[in-house]
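Keep the picture open while you read.

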There are 2 protein chains.
Amino acid sequence: MTTQGTGTATEGAGGAEAVSRFVERFAAQLVEAGMQRMPARIFAALLASDSGALTSAELGAQLQVSPAAVSGAVRYLTQVNMVTREREPGSRRDRFVVHGNQWYEALTNRDAVLKRWEVALREGVAGLGEDSPAGQRLAETLAFFEFIEGEVASMMERWRVHRAEHFE
Amino acid sequence: MTTQGTGTATEGAGGAEAVSRFVERFAAQLVEAGMQRMPARIFAALLASDSGALTSAELGAQLQVSPAAVSGAVRYLTQVNMVTREREPGSRRDRFVVHGNQWYEALTNRDAVLKRWEVALREGVAGLGEDSPAGQRLAETLAFFEFIEGEVASMMERWRVHRAEHFE
DNA sequence: CAGTGATTTCACAAACTTGTGAAGTTAAGG
DNA sequence: CCTTAACTTCACAAGTTTGTGAAATCACTG
């Protein structure tokens, strides 16, 4: 219950102007990196909101899109755990929330992606023979991803420490 | 000049069958992760070739696509440094090569991506005010990416060691 | 348990992407 | 300097994605 009252989600200071600029630019980068446009915009809008939480209607109004579009995008975001859906008690509308660290962890959990790459590579090694030159290349690539996967975990551990020191 | 002679790029053992299965599956994962289909397929095909190098014609034949498609995809792959273009002296066709470690480093150089995210975030912090709650959220996110960026470098350093021990 | 506001689903239209064939460009080799 | 193989570019057609409006569903509140 940090900022309640006004109902608008943007700051008095910088203004909706600045929010919109950030949202579109940051979303554009996420899109470039492979994310769908609408989830990217919605996520950026949440990041740039003071409370870190917006309702479906607010999102639709701010981004000029239909409720349907919000619905679909938000489903994706919750599935990949970048955003949480919360029902405000006493109201019948949902709020969507970026929960601090939650989403770094989600980003990190792109090691679900890594895992699938590894499966494909393992099958490849088996199919091509681990003694063939191609098989060996695949095996080395596989080893690389396995290595990365291990490293990511300890990296996140270090981040948590770093974060605690600087932000809490 | 490792494997010369036959002209075919697939192994005798596993067979073109196994290569194709790997190529399509691995490419599908890359696509899922945001890569365009054709570059993904071509890259996978190179990975799964014994010599790690194929000509434009070989790629076209193996993947059943036009020279135009190969041309475009290969331009992308060379731009992001996952593949090198080499002209075989004495011939007039180019070979495209996956150079061992080169492409891990390229994957890693997705920190070009990180850098662009950071730019967008810095602009956001400035625009929204670094004292506003939203500005602080963006600042923390920025700090996260800066942290990651630093970690990636040392992680790759450790990988090189690990690799040297196990594969050379 | 009816009324109402919020959210979701679905069929479809617009916009964008992707790969093709054909013409154009480059440069090796006679 | 002409021939020819290899590669690239371009306009376009097929296919896919994306967001919409309208209808349906859901679940609070009275």
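A:Glu140 sits in helix H7 of chain A (helices are DSSP runs of H or I with at least four residues, strands are E runs with at least two, and both are numbered from the N terminus). Before we go on, bear in mind that this is a predicted model, where local features need pLDDT of at least 70, side-chain atom pairs count only at pLDDT 80 or more, and totals for chains, interfaces and linings use all residues. Residues are numbered from 1 along each chain as its sequence is written, chains are lettered from A and ligands numbered from 1 in the order in which they are written, and side-chain values use heavy atoms, with hydrogens and water left out.

Is A:Glu140 buried or exposed? With a relative accessible area of 13%, A:Glu140 is buried, because buried means under 20%, exposed means over 50%, and partly exposed is in between (1.4 Å probe, protein chains only).

So what does A:Glu140 touch? Leaving aside residues up to four places away in sequence, A:Glu140 touches B:Tyr104, B:Trp159, B:Arg163 and B:Phe167, where contact means heavy atoms within 4.5 Å. Its side chain makes a polar contact with the side chain of B:Tyr104 at 2.9 Å, and another with the side chain of B:Arg163 at 2.5 Å. (A polar contact is a pair of N or O atoms within 3.5 Å; within protein, one must be able to donate a hydrogen and the other to accept it, and residues adjacent in sequence count only if both atoms are side-chain atoms.)

Now zoom out to the whole contact between the chains. Chain A gives 52 residues to it and chain B gives 52 residues. About 4,800 Å² is buried between chain A and chain B, with 69% of that from carbon and sulfur atoms; buried area is the accessible area (1.4 Å probe) that two parts lose on being put together, summed over both. Our friend A:Glu140 turns up again here: with A:Trp117 and A:Phe144, A:Glu140 supplies 13% of the area that chain A buries against chain B, more than any other three residues.

What about charges? There are eight salt bridges between chain A and chain B, a salt bridge being a side-chain nitrogen of Lys or Arg within 4 Å of a carboxyl oxygen of Asp or Glu. A:Arg25 forms a salt bridge with B:Glu123, with the closest N and O atoms 2.6 Å apart.
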